[in-house]
Amino acid sequence: MAFITANWNPLGEAFYRKVELYDMSWVLRDGLRDSLVAAAPYGGPIAVMKESRCLSPSVRPQLEIYTASGVIMATFPWKSGPVVLLGWSVSDELLCVQQDGTVLVYDLTGAFQRHFSMGQEVVQSHVMEAKVFHSPYGTGIAIVTGSSHFTLATNIDELKLRRLPEVPGLQGSPSCWAVLNQDRQTKVLLANGPDLYLLDNTSCTAVVPPGVSPQGSVFVHMAVSFSYKYLALFTDTGHLWTGHAHLQDKLSEVDTKIRSPPKQMVWCRRPKSQQPSVVVMWDRLLLVAGVCNDTIQYPLEEQCVCVGELDGVRLVSPSRHELLQEVPLVCEEIFKIASMSPGALLLEAHKEYQKSSQKADEYLREIKEQGMLGEAVRQCVEAAGHEHDTHTQKALLRAASFGKCFLTNLSPEAFVGVCRDLRVLNAVRDPSIGIPLTHTQYKQMTVQVLIDRLVYRRLHPLAIEVCRYLKTPEYQGVSRILRHWACTKVQQKGDSDDVIVRCISSRLAEAPGISYSHIASKAYDSGRTELAIKLLDYEARSGEQVPLLLKMKRSQLALSKAIESGDTDLVYTVVSYVKNEMNRGDFFMTLRNQPVALSLYRQVAFITTIIIIIIIITTSSSPPPVALICFCKLQEQETLKDLYNQDDDHQELANYYVSASYREKRLESRLSVLQSAVDEYNKAKNEFSAKATEEEMRLLRFQRKLDDEKGAGLLGLSLQATMEALLASGLQKQADHLYRDFRVSDKRYWWLKLRSLAEKEEWEELEKFSKGKKSPVGYLPFVEVCMKRSNKYEAKKYVTKVTPEQRVRAHLAVGDVEGAAEAAIERRSEAEIGAVISRCSSSSQRLLLDKLQRALATANRK
Amino acid sequence: MAAHLTNGRVNLNILREAARKELREFLDKCAGTKAIVWDEYLTGPFGLIAQYSLLKEHEVEKMFTLKGGRLPPADVKNIIFFVRPRLELMDIIAENVFSDKTNSRDFHILFVPRRSMLCEQRLKEQGVQGSFTNIDEYILDLIPYDGDLLSMESESAFRECYLENDQTSLYHTAKGLMTLQALYGTIPQIYGKGECARHVANMMLRMKREFAGSQNQILPVFDTLLLLDRNVDLLTPLATQLTYEGLIDEIYGITNGYVKLPPEKFAQKKQGEGSKDLPTEPKKLQLNSAEELYAEIRDKNFNAVGAALSKKAKIISAAFEERHNAKTVGEIKQFVSQLPHMQAARSSLANHTSIAELIKDITTSEAFFDNLTVEQEFMTGVDTDKVNTYIEDCIAQKAPLIKILRLVCMQSVCSNGLKQKVLDFYKREILQTYGYEHMLTLNNLEKTGLLKPQTSSRNNYPTIRKTLKLWMEDANEQTPNDISYVYSGYAPLSIRLTQVLARPGWRSIEEVLKMLPGPHFEERQQLPAGLHKKRQQGENRTTLVFFLGGVTYAEIAALRFLSQMEDSGMEYIIATTKLINGSSWVKSLMDHPETQCP
């Protein structure tokens, strides 16, 4: 493996290497010459299109999209206007910036997605140059127009155009410019000859980078590093100035001795490295210039394109795809010639071990003596991650695994992690997939994004494999992929709805948390409403189903789904929505100019809506109109009435009238509402209620009459209260009339009379009353009403009339314990004797108590 | 503050903490000083989640009750309305917002337990929707009331479900159960009886599918969920509860864990001060298991409370006597360290002795006794087919209507409907005595099945009573051996169903289940692999019993009794839409058309 260092080139203290990624499988007729080429970072796709100015106007250029390994993904003739720039968004969309400022967006399959404009004025002045840039806010576009104006959009998904201030003295396009991202702001740095300007939202500031020599030279090219941290400026004198992007520190200055402006200039640095370098490309030469003033030169045989990455630069040429990067430190330590680092020794030890040589032991001993075995394993594991060649990866991992055997407490996490990562990386690096990610990039962009990328390329099976292999939770992994798959599936023309639904439901059945509504809405967007409805049937969340159904104008279905969910609020949503829908329409328009008709309509409209909904409901299978009734109860009482009316629900309608009658102030109207109630009760065959209502009406009329005659203030009282009031004011005759007329039960009337007489202390009347007809309530109540007014004398008169069963109680009520005792003993009732005992005071009624105790004993014995 | 929630088998404090966290998050969303405007109904339930101190920590400086007109002045940056999603409240809020002229403050609404489209629509119509910086929802479904008790305190849940057919509260129930499962693991078995139970179970299974992606990785705490419709057992709440807690609720009403008592018996008899000026404010007491004595006696039959109290009194005075035995400094120190606890025990004893006296005055009255006798006659099936003279007399004497309705309904339930003639008689008596306006109330009772005409000659209540042993002649009130002690003879039907489910299983009572309304069912929820509990020998199973439409304290007591029975092998956690008693329940079904303003 000595040849590993063969392609290493020293630059200062570091080494640079070119790793061959792919032999390109594309066939480009004229190479990359005169073409617009856009290659997305993180091993993304490559778009190629002939520049229109190099073609005769009648020829339509072909837009081609390739993977990083040169496998074609899409190709189509460009039918739109001249394109200034191709670029890729973070979500793998191709952005084509046209001369007139229109940006057309395509997906990876070449399907047109959408378009937007970079401003109206651009149509006239034309886009001279454009740049696509990436920031934490997403993908942005910056343009400079023919009238030297800069406009930028920081995030194309939430398009907000910002026109930057004018640059003094700038004519036409600047000599070079770049987009910077500083202090959470997007700025433009531009050079107009020897002058540099920094443009932000509000101001244009002239800036001078420290230590540019020779003074006054013109800047012809500039480049910003991947992280926006460093800036490189190339002058017409062939000097390359590098420094921090905030233009306060200079890193170095290299005289390249080449005065022609470079074709491309890209930063090449690995994270954490202190030695950034710049790759400068001319037609036939590639130059790596480090801050150490050292350079490496690579001759170029073909037209190339440089793609800046997080940890290096990819070089795409018509035949090859290479990665130029600073050799990672661990790799350097292991593979450097004559390296004695623990990792190098471990690798060597393992090699000897495989040869069954005892030298293995010697090497191991050496590492162990330094106590560096853990470090050695770590180095091998890490280095394996950085290597692209699978043989080297294996050798390093085997060595690490070998070393691990001699360690007791090494956490296997790093080892397992790298093994897993490499498995995934090797899979996506495969030429048929063509995503040449490095380990560093992979860690930076995360698995989630990688999965997205695979999904954008419709590599669903691979994506699912990756998720299963990494044990990604289904919800974030497999389910998400299947959802995307289903979304692409529904957009496929040709297959019938049923075929698609069957296909999707069978594949998605097992996957948890699939949002069918999302898929359905995609189907709806592509004009397949029927398919969308069928798909929605599988959606478990009604909250998602209903709004989409409403959007598709399936109110009936939406309503039944809402009712099914039990979520009343959802039902209200549908009902109000339908109500609003009905308000619109032509009918409304015709009424608009007639205010009276309009206001009438407004009142009626809602009811009409309800009726329509009822029709909807009754014609559909039969979900209960329950929800509606709730809605109406909240909204409007009147509507409720109409609803019952519509339903022929006489019982409820009658109840409604009863309730409504209390809202009427005037007796006449109250009576007429009650009459309606009677009619409805009759229709409902509720005889009792009808009769009770009629009685109430009769009572009301009676009360009114007496109120008018005597000012008795009876209206609204219950029958009982009315009689009470009548008796209290001595209107005996009228009370008796009511008693007979309303067939009041005897018991109740007797009670009433008793109480009334006692209340008025008309004891003689009471006695007379007791001697009249036999009391239906017995005579205990007589005792009780008297005692209520504390009239023991009167009460005692009735004790003897009380039936034997109640006599004990009567005696006790008047406080005659002895009488009670006698009665109780006579009746030999255990409970009653007990009751009397509890009323005896133990001191004064000793004798009585004894007597009772004895009686109790006898009663018990029996 | 909430130690009593952690004592039980299931640590319900987790639920409370989750609720508190969410509240804090919302409060922090509104930066700066705040005033809260309360929907009065919410203050009680909220008190169980967060005290004022928590609100204060988050810069809540003022609290008002929501009412029309202008907001009281408050120098705060934010005004937050805590409201239930009700249209009439929206109008009041709109009025409040309109009358605010300062323009310098932010308005927020927090809907409890859920925001509603309709309410937001109303705010929009009123033209104030734009004035709100935040419109949010605070999902407070199940509120922990005690270590084994959760309630949604949804005051009209029964009425809505069984009378108005509005199933919103069931939706909230299902949501609440999902929250519970998110915190305590998926409940593997669901049993249920009744239409509403079926509906809730369906929604739960449906919601589970909706969240299918986020598999719950918590080891299940509950083994079983039992959903019971209140209308499966209409009888139990109608009967007068005879446990200590039940009687407190029947007589004074417990709201949100507090009871208000007549102050006379609680006059502080401090030395030196004349005890002449009696307090006029009702005495407010918090009742939960945090109070050791209360936890001990709450579920006892009231007849056993006296003995328990006197035993406790002896222990406490013995403990105080200890001081004479304390000789060394160490012993005295130890005695002193126990003093606060002993003093708390003594004041608790004093309180409960007073309460017991208050209750005793009532339970020994003739009226109470007569009423109970009639109830027990009905429950044992004596003379349920004719007009009851006691009820008749009560009506004639104009006893409170609710009492009458409870008795009449009870008679109807116990005889599977009243003969048309009997029913009409009662109705007529009620209308003539208490007024025609109760027509609607009677209709409501009929619609919910509490009152009904006999349709078939066959009365299946006796069969149910015999099969489920609902009446136990020899109920032991002092040292109970059966749940029937909570009603001194009557074993609540709902609890019998629960008991039979645990052992020997519902299959043994298929016939009876068919006689009760609504379907009965069993569902299983798949647990993720690795979450199947490995049960230790002798470890009890835990069942969550959810009463849809309300539960009484006596029923709770009966379930606690079952949990404590040594050989039951089952512990119960109780959840409900609302803690009820017969009166509050019947009251919720009454209509008052006469109070509408004409």
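Modeller: Chain B and chain A bury about 4,400 Å² between them, and carbon and sulfur atoms give 52% of that area. On the chain B side, the residues that lose the most area to chain A are B:Arg206, B:Gln432 and B:Tyr436. Together they make up 16% of what that side buries. Bear in mind that this is a predicted model.

Now the contacts. Chain B brings 47 residues and chain A brings 52. Between the chains, 19 residue pairs are in polar contact, counting pairs with both residues at pLDDT 80 or more. Seven stretches of chain B each supply at least two residues of the side that touches chain A: α5 (117-125), α7 (168-184), α8 (195-210), α14 (366-379), α15 (389-396), α17 (420-434) and α18 (439-447). The largest share comes from α17(B), with 9 residues. By type, this side of chain B divides into 16 nonpolar, 13 polar and 18 charged residues.

Charge also pairs across the interface. The rule finds 6 salt bridges between chain B and chain A. One salt bridge links the side chains of B:Lys447 and A:Glu652, at 2.4 Å from N to O.

Next, a charge to check in chain A. A:Asp736 sits in helix α25 (residues 732-741). A:Asp736 is buried, yet has no salt bridge. The nearest side chain of opposite charge is A:Lys753, 4.1 Å away. Beyond its neighbours within four places in sequence, A:Asp736 is in contact with A:Tyr749 and A:Lys753.

Then the backbone. Most residues other than glycine have a negative phi, and most peptide bonds are trans. Here are the exceptions to look at.

Two cis bonds are in chain B. The bond from B:Val112 to B:Pro113 is cis, with omega near 0 degrees. B:Pro113 lies in the loop between β4 (106-111) and α5. The bond joining B:Arg503 and B:Pro504 is also cis, with omega about 5 degrees. B:Pro504 belongs to the loop between α20 (493-502) and α21 (510-515) of chain B.

Two residues have positive phi without being glycine. For A:Arg458, phi is near 60 degrees. A:Arg458 is found in the loop between α8 (439-456) and α9 (460-470) of chain A. Its relative accessibility is 37%, so A:Arg458 counts as partly exposed. For B:Ser488, phi is about 45 degrees. B:Ser488 is in the loop between α19 (461-467) and α20 of chain B. Its relative accessibility is 16%, so B:Ser488 counts as buried.

Conventions:
Residues are numbered from 1 along each chain as its sequence is written. Chains are lettered from A and ligands numbered from 1 in the order in which they are written. This is a predicted model: local features need pLDDT of at least 70, side-chain atom pairs count only at pLDDT 80 or more; totals for chains, interfaces and linings use all residues. Side-chain values use heavy atoms; hydrogens and water are left out. Contact means heavy atoms within 4.5 Å. Buried area is the accessible area (1.4 Å probe) that two parts lose on being put together, summed over both. A salt bridge is a side-chain nitrogen of Lys or Arg within 4 Å of a carboxyl oxygen of Asp or Glu. A polar contact is a pair of N or O atoms within 3.5 Å; within protein, one must be able to donate a hydrogen and the other to accept it, and residues adjacent in sequence count only if both atoms are side-chain atoms. Helices (H or I, at least four residues) and strands (E, at least two) are DSSP runs, numbered from the N terminus. Ala, Val, Leu, Ile, Met, Phe, Trp, Tyr, Cys and Pro count as nonpolar, Asp, Glu, Lys and Arg as charged, and the others, Gly among them, as polar. Buried means under 20% relative accessible area, exposed over 50%, partly exposed in between (1.4 Å probe, protein chains only). Lys and Arg count as positive and Asp and Glu as negative; His and the chain ends are not counted.
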